[in-house]
Amino acid sequence: MTATNQVSSITNIAPADQKRLVIVGATGMVGGYALHYALENPAVAGVTAIGRKKLGISHPKLTEVLHQDFADCSVLAETLSGQDAAVFCLGAYTGAVADAELRTITVDYTVEFARVFRSSSSDAVFSFLSGNGADPTGRSRLAFARYKGEAENALLAAEFPSVYIFRPAYIYPVEPRKEPNFSYRFMRAIYPAFRVLFPNQVIRADDLARAMVDVAVWRTGERVGLVFENRDIRAMVEFLHPRAEDSPGENGSQKTPR
């Protein structure tokens with residue numbers, strides 16, 4: 001399926017009713033934007049945020065569930081019942097944890113959560129934060145690529161009505177933060193020029209989050225497994241959330257949410 005067809009397959013479908021979403025990893029950068037966007041979205045009836053740490057916010061549409069051990073999600077079965085979609089943003093930066101832990105977080109936690117979620121809400125769809133270069137063949141020399149590819153394969157085989165896999169390239173944080181390593185500090189420093197020279201290799205964190213929520217709300221109703229590369233994500237955002245001026249906020253300054 002071409003990038004154009006991937007985007008149009010989602011954006012040409014209007015939401016039939018309000019959706020109940022589960023967001024995993026809402027204390028992270030992308031998950032945090034996904035949470036705030038979902039809470040403000042009139043097409044979303046309620047949001048259940050599942051994570052290890054408290055969010056520190058309250059909202060009439062928000063239900064917060066603390067869960068420490070994602071190696072066993074069985075206790076979440078009741079919480080996950082009757083949901084329409086999951087937006088799964090749980091992950092770890094390469095180099096931030098040991099290789100074994102990176103695989104556990106990237107693959108095992110994803111597979112275990114998906115198992116319980118599929119059993120509890122059989123008609124729900126799954127929106128998954130993967131990454132650029134994810135390798136479903138397992139041949140990549142990069143551990144991150146192999147593990148993301150393994151997680152993708154497991155989700156596509158889990159028989160969800162629809163699975164939406166997002167493979168962003170460099171995710172621009174938008175707001176100032178402490179970068180996790182040198183490569184991220186370097187990319188942030190050169191971002192203004194990099195996004196002009198290589199626009200399809202960057203995506204704003206808030207735009208990525210919106211797209212992940214949008215596919216859950218604008219589901220096609222057909223059984224599909226779609227992979228959105230960075231170019232596809234940008235096309236979806238530009239279609240659903242056109243920005244009159246793209247420069248404010250791009251250098252790290254505060255930007256008024258759309």
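How do the residues of the lining of the largest cavity divide into nonpolar, polar and charged? They divide into six nonpolar, two polar and two charged, where Ala, Val, Leu, Ile, Met, Phe, Trp, Tyr, Cys and Pro count as nonpolar, Asp, Glu, Lys and Arg as charged, and the others, Gly among them, as polar.

The model shown in these views is predicted: local features need pLDDT of at least 70, side-chain atom pairs count only at pLDDT 80 or more, and totals for chains, interfaces and linings use all residues. Residues are numbered from 1 along each chain as its sequence is written, and side-chain values use heavy atoms, with hydrogens and water left out.

View 1. The structure holds one cavity of 30 Å³ or more (on a 1 Å grid over the protein atoms alone, a set of points where a 1.4 Å probe fits but cannot get out; lining residues have an atom within 4 Å of a point). The space in the largest cavity is about 40 Å³, a volume being the space filled by probe spheres set on the points, with grid points joined across faces, edges and corners. Its lining consists of Ala26, Thr27, Ala49, Ile50, Gly51, Lys53, Leu55, Glu64, Val65 and Leu66. Two or more of these residues come from each of strand 2 (44–51) and strand 3 (62–66); helices (H or I, at least four residues) and strands (E, at least two) are DSSP runs, numbered from the N terminus.

**View 2. The largest pocket.** A volume of about 1,300 Å³ is found for the largest pocket (an open set with protein on both sides within 12 Å along at least five of seven lines). It is lined by 41 residues, of which Gly91, Ala92, Tyr93, Thr94 and Tyr184 are the closest to its centre. Helix 4 (143–156) is among the elements that supply at least two lining residues each, and helix 4 gives the most, with four. By class, the pocket lining has 23 nonpolar, 14 polar and four charged residues.

View 3. Seven strands form an open sheet in the order 3-2-1-4-5-6-9, with parallel pairing (two strands pair if DSSP finds at least two bridges between them). Strand 3 and strand 9 (224–229) are the edge strands, each pairing on one side only. On average, neighbouring strands are turned by 15° against each other, direction ignored. Six bridges join strand 6 (residues 162–167) to strand 9 in the parallel sense, and tyrosine 164 has leucine 226 of strand 9 as its bridge partner.

**View 4. Helix 3 against helix 4.** The axes of helix 3 (residues 99–120) and helix 4 are 9 Å apart, at an angle of about 10° (axes are lines fitted to C-alpha atoms, for helices over the stretch in contact, and angles run from 0 to 180 degrees between N-to-C directions). The two helices are therefore roughly parallel, the term for angles under 35 degrees. Residues in contact (heavy atoms within 4.5 Å) include Leu102 and Val107 of helix 3 and Phe144 and Tyr147 of helix 4. This contact has ten nonpolar, two polar and four charged residues.

**View 5. Helix 6 against helix 7.** Helix 6 (residues 205–217) packs on helix 7 (residues 230–240) at about 80°, with 9 Å between the axes. These helices are therefore roughly perpendicular to each other, a class that covers 65 to 115 degrees. Asp207, Leu208, Ala211, Asp214 and Val215 in helix 6 meet Ile233, Met236, Val237 and Leu240 in helix 7.

Notes
Angles under 35 degrees count as roughly parallel, over 145 as roughly antiparallel, 65 to 115 as roughly perpendicular and the rest as oblique.
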